[in-house]
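The structure is shown first.

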Amino acid sequence: MRAITIREPGGPDVLEWSEVRDPEPSAGEVLLDVAATAVNRADLLQRQGHYPPPPGASEVPGLECSGVVAALGEGVEGWRVGDEVCALLAGGGYATRVAVPAAQVMPVPAGVDLVTAAALPEVACTVWSNVVMRAGLRAGETFLVHGGAGGIGTHAIQVAKALGARVAVTAGSAERLARCAELGADVLVNYRDQDFVAEVGSADVVLDNMGGAYLKRNVDVLAADGRLVVIGMQGGVKGELNLAKLLAKRATVTATGLRSRPVEGRDGKGAIVAEVVRHVWPLVADGRVRPVVHEVLPVERAADAHRALEEGRDVFGKVVLRVG
């Protein structure tokens, strides 16, 4: 088969479309003929040498895909060869074939084509596991998501609105904020010249991709009993945490990752995937949540996709790589 490999840590030019060994499905796994994958910031970090795959995972980048079931490993039930599916991966999506635990495979949501479905698994599982399963966002609460124009942000806006929340977003331009408003955002903050604490007032749940740079202000913006969930470190790995303010607000700060979680267990990827199929896929099917795809490129142009994400280039939503 063919896959994008990383020649050495570095810039986008180290990505190469190469011949590699075909994967074989182990017991409990499903082998997929990949139709498409999508680009995540974790892929950029892996390419740069900063985010190696978990032990036992494919060295090929790609944390999600869509495709067709090609073979079933021993003991797999509920899927048949030829089924159109999408999947959450620990790696291996930038390839013509990938083996994935059956518990991480999902049906393609009703009304979504096979290529577009590749843009959903990572954002859907990240948002639902953090915003709902971890932070418990409820109707009537205020939800703040940083990076509202990105893949996570565009999905989080829609899910939070579907749950009945007031949604605030940060983004870097008036155009991006206007598009966030079209998705349902109520409070729009241009982080280049506005202070989100002053603009939002208070938030019950904050989903943060910035890490250290925003830690102090994220705590400032939390309401009483507020919940801050950190899922990224684009603004650095260290920040000052005011424990007295946390105590006074009875607030919670938590940091989570998805890629390295085990498949099984209460907080494992299998449980998250099952929750997404049960709760998010119906929202996609009825149109309250839709995939937001900025551009579809052939997988051979993965380097161009990485450049676009790194340089900004007004990317709104996900960049998808067509494989099959």
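## Asp-113 and basis of the values

Asp-113 counts as partly exposed because its relative accessibility is 44%; buried means under 20% relative accessible area, exposed over 50%, and partly exposed in between, with a 1.4 Å probe and protein chains only. Asp-113 is found in the loop between β7 (105–107) and α2 (121–134). Helices (H or I, at least four residues) and strands (E, at least two) are DSSP runs, numbered from the N terminus. The C-alpha atoms of Asp-113 and Tyr-214 are separated by 37 Å, and the two residues are 101 residues apart along the chain.

The model is predicted: local features need pLDDT of at least 70, side-chain atom pairs count only at pLDDT 80 or more, and totals for chains, interfaces and linings use all residues. Residues are numbered from 1 along each chain as its sequence is written, and side-chain values use heavy atoms, with hydrogens and water left out.

## Aromatic rings

Rings of Phe, Tyr and Trp (its six-membered ring) pair if their centres lie within 6.5 Å; planes under 30 degrees apart count as stacked, over 60 as edge-to-face and the rest as tilted. By this rule the count comes to one aromatic pair. Phe-196 and Tyr-214 form this tilted pair, at 5.3 Å centre to centre and 45° between the planes. The pair links distant parts of the chain, 18 residues apart: Phe-196 lies in helix α5 (residues 196–200), and Tyr-214 in the loop between β11 (203–208) and α6 (215–221). Both Phe-196 and Tyr-214 are buried.

The ring of Tyr-214 also has the charged end of Arg-217 over it, 4.9 Å from the ring centre. A charge sits over a ring if NZ of Lys or CZ of Arg is within 6 Å of the ring centre and within 35 degrees of the ring normal. The charged end of Arg-259 sits over the ring of Tyr-51, 4.9 Å from its centre.

## Salt bridges

The structure holds 18 salt bridges, each being a side-chain nitrogen of Lys or Arg within 4 Å of a carboxyl oxygen of Asp or Glu. One of them joins Glu-19 and Arg-2, with the closest N and O atoms 3.1 Å apart. This pair links distant parts of the chain, from strand β2 (residues 15–19) to strand β1 (residues 2–6). Glu-19 counts as exposed at 57% relative accessibility, whereas Arg-2 is partly exposed at 28%.

Lys-161 and Asp-186 meet in a salt bridge of 3.2 Å, N to O. Lys-161 is in helix α3 (residues 151–162) and Asp-186 in the loop between α4 (174–183) and β10 (187–190), 25 residues apart. In another salt bridge, the closest N and O atoms of Lys-216 and Asp-220 are 3.2 Å apart. These two residues are separated by about one helical turn because they are four residues apart in helix α6. Salt bridges that share partners join Asp-13, Arg-301, Asp-304 and Arg-307 into one network.

## Cysteines

The structure holds zero disulfides, a disulfide being a pair of cysteine sulfur atoms within 2.5 Å. For Cys-65, the nearest cysteine sulfur is that of Cys-86, 8.1 Å away. The sulfur of Cys-125 is 8.6 Å from its closest cysteine sulfur, in Cys-86, and therefore too far for a bond. Cys-65 is buried, with a relative accessible area of 0%, and Cys-125 is buried with a value of 0%.

## Backbone

Asp-225, in strand β12, has a positive phi of about 65° although it is not a glycine. Arg-250 lies in the loop between α7 and β13 (252–255), and its phi is near 55°.
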